[in-house]
Amino acid sequence: MFNGFSGGLWLDMHKKPAVERPVEPLPAPARLYLPLRQALGDPLPGGAQPARTPEFTVQPGSRVRMGEPISAGGVCDVHSPVSGRVTQIIVADHPVCGTGPVAVIENNGKDLPYEKPAARGNLKKLAGPEIFARLRAAAVLSAEEMTEPLWMRAQRMAERQIGTLVINAVETEPYICTGEKLMGENPEAVAKGLVLLLRATGAKKAVLAVSDDCDHGTVRDMVESAHLEGVELKLSRIRQKYPSGYDRLLYCLLAGRPLPAGREPEDAGYGFVGPEELYEACRALTEGKPQISRVVTVAGDAVESPQNLEVRIGTPVRYILEACGLSHDPERVVAGSIMRGAAIADTAVPLVKPVSAVLALASKKKGAVHPLCINCGKCVRVCPQRLLPNYIAMLAVKADFGACSRLHIEECIECGSCAYICPGRMPLVELIKNIKKAAQPAD
Amino acid sequence: MWRNRAARCGRTLWRECASRNPVLVRALAVSPVLAVTVSLKNGVLISIVMLLELVILFLLRALFYRRLPEVLRGPVFFAAAGAAITPLWMAARYFVPDVTAAVGFYLPLLAACAFAFVATVPAPAPLPVQSSPEAEEPGAQATAPAVRKAAGVRRIVHALLEAAGSGLGFAFAAVAVSGIREAIGSGTLYDRVLPGLEKLKFAFLLLPPGAFLLLGFLLAAVQAVHLRRKRRTRAGEEEETSGNDG
Amino acid sequence: MGDLLITMVPILLLSCYYYGARAFVLTAVSVVSCVGFEALYRKMLRLPRSVGDLSAMATGVILAFNLPATAPVWFPVVGAFFAVVIVKQLFGGLGRNIFNPALAAVVFLTVSWPGVMSSFPLPFNPLPAFATPVHFETGRTALSALRAGSMPDNTLLEMFLGSRPGYLGACAVIVMLAAALYLLYRRIISWAIPAAFVGTVAAAAAIFPRCPSGRLDSVLFEVMSGSLLFIALFVATDPVTSPVTTVGRLLYGFCCGLLTVLLRYFGIYPEGACFAVLLMNPFVLAMDRLAWKLKVKGGTLQYVEE
């Protein structure tokens, strides 16, 4: 246990050249598509507030301005990233967000800002509940997959009274380097966000966790900026082993002990936020701007000039890929990380908040047409949770969830290490996800 | 009427022998078939003894099944099987002592196997009751005991047919297995040397694993034939129904 | 599979060096018949082709390496049929067989034609390449000698270099160890099974020596004789028929070693390793289950407090 976790994969990172180029804003396209649901947590559990389902507050034909909220009632509201007109509201399927209403907005190219009552105040006087309210109004959400928005997580961290807030900049997924670039280019903003979040959650200590190939200059700048804001940021370099960036495993690595099943890192006193979230939080709290764009890494061996771009939410993936140029016809396009993200069949899908990368891959592993388990045991060796993926897959094929839960399938974090290393190309993560879904009581 | 009866008898016989073959379909009495069938003589001996044993047991069953209370049926027939095998065993020892010695204790084990056959056959149908509504009709009084007697005879004949069928089915399996094992394993058949196979002497078949393998293949062949027949009858039925619709 | 075949090449060359072209002929016949039977079976039952995964070739090679050089040429064909069709394909093909096909075929041949399988020619004797050798010098294997309680005819150095009467694959220890190390480096076989297997046999030989000249000699002779090393390094580590967890593998190796020792000391045949592995094959699932239960109870899972 002193080593953190056993298993895991040492992946080829391919971070260059995207990590060496600055983050550039991508101009908004002519038409944007905004799914209504981009976060988990709808409707609110526990009944603290009346459970309302989110819905769009605009109709086809209404004019919107940049930054205007176009939905209400959910945990993570959607704001219009451009100024223009809502042309229609359709129901569409998104590989990351699922099926739901999508607002289609025609961009008029003028980017007229939304003038709302200035939600600024003296930052020094902002207290916890006010910070949460503003984060909710700004709908800050930045992660690598569908998760709860920042204000919900921060509220929970405050409730559990965490002692340490960790900036999770450990990026062990190939190609993705958004956190590193943000910290490198805007360390002051991230530091300001950190200060505010520390105050909101009540944490006393702050840790910066980076992977050990992170640029030294970036790290130094970050620590200095935090110091200037009055926060002592402790540095923790984590070895570049996938999936160290996952919250539960990062906790094991930092705290040096395992996290018992069923408990969250917040119960143990550790809260995790990403640098992108802090950046957006700073923007939200200092300038009152909601989250209408995010930094994504556009990379992959089919992309001509990989880069990090600041893209408006709702931009079609095709537009993003064309901006960086495609050198070959991509075999696969992935939204998110190649280990856990969703493969995109139709590149007209829009970018949503939980997506941190758009990857166009030309080379595909020589797949076996018939997946076959030869019981080699490689998946057992790489599983970070020390499960037996081969037996779980064998039982999942027979749809025997009772036996799977005896093998502790609930502890599977779906990192994809087993499927990556399987020589027989067994779709292990797919099988596990399917049986978990099948075992849940029908909603 | 006699043709019908003959057809019914033939059907019962065929059913017990083929589609409900005790060894190759129901997988009963596998142990003696595997253990001692190293030569054809052994196979023939156990087939004969099994046939006689089955006849005795089925007859006893036909006669006494309904008269015994349910709890006593199992023990009584088991004891009857053991009692029936004893004279058969002694006769075998008298007539063919060397073959009986080769078969060893698997001969009395046939009693237990016969009991398994008998226990897994459906119960004999009850005879018509003495006082039935038809019996109250005038003139029917004279036929009621006749009807009972006829039903009784029918039951005995049915039991004999079942015994013959099971016995023949067992005999088929035992003779087939022992014939193949002896021919390929030792190159002889009924102690007569086969010129071509003498050189082969595939000793594996004389050992238990070979017997299991051979029986496995036989079972597979029987299943294959079964499936094909079922598919053909199902195709035939579909043709018939489609013909009826059209 | 490709790596395994690559490592078998030096062993093949060495066996050709000892026994002449016959070794190559037997291996070739074995490989061709294994691949042929697999292709034929898949074609006749209209199943997808599976020859591309090279597992049939590996079965052929391992089967050939467990035959004596004086086996008739049709021997591997019969063995290949049993291995590929009955033990592997009838159970469901690659990944679903319970028993190691090559080893089961070796046992099948040993049981069916014991005379052929237990007469080992001396190395460096000329043997006809295709015809069945009739007159050849046989040597007494170390195992038969140890069984009789006498000193083996070969010196330790001869055992180490492999120039002793034995199976085709029983060649120089150093070559086999090098092959095994290469496979370990490529993460194709696990270290746990050979270590436990050979370690148990060595420990038993040390505690109950059979060699009259002392414990150390006994350990070395027992470990290097017969097909123990070959089976422990390349056959018992077959991924399909071995456990997946490390604890399960250690237990499997230990039980195989124990059975080998018991069969060698008290069994009918002088060689016990092939039977031992075959006997332990059905227990693989149970061993993994036991290892998992130990993991759960012992708290060594990632998310359980110690």
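I first looked up C:Phe65 and C:Phe230 and found both buried (under 20% relative accessible area with a 1.4 Å probe and protein chains only; exposed is over 50%, partly exposed in between). The model is predicted, with local features requiring pLDDT of at least 70, side-chain atom pairs pLDDT 80 or more, and totals for chains, interfaces and linings using all residues. Residues are numbered from 1 along each chain as its sequence is written, chains are lettered from A in the order written, and side-chain values use heavy atoms, without hydrogens and water.

I then counted ring pairs (Phe, Tyr and the six-membered ring of Trp, centres within 6.5 Å; planes under 30 degrees apart are stacked, over 60 edge-to-face, the rest tilted). The count over all chains is 22 aromatic pairs.

I examined A:Tyr251 and A:Tyr270, which are edge-to-face because their ring centres lie 5.2 Å apart with planes at 85°. This pair links distant parts of the chain, 19 residues apart: A:Tyr251 is in helix H6 (residues 247-255) and A:Tyr270 in strand S11 (residues 270-273), both of chain A. I took helices (H or I, at least four residues) and strands (E, at least two) as DSSP runs numbered from the N terminus. Both A:Tyr251 and A:Tyr270 are buried.

I returned to C:Phe65 and C:Phe230: their centres are 5.8 Å apart and their planes at 75°, so this pair is edge-to-face. C:Phe65 is in helix H3 (residues 55-65) and C:Phe230 in helix H12 (residues 228-235) of chain C, so the pair ties together parts 165 residues apart in sequence.

I also noted a cluster in which ring pairs link C:Tyr17, C:Tyr18, C:Tyr19 and C:Phe124.

Finally, I looked up A:Glu224, which lies in helix H5 (residues 216-228) of chain A. A:Glu224 counts as partly exposed because its relative accessibility is 48%.
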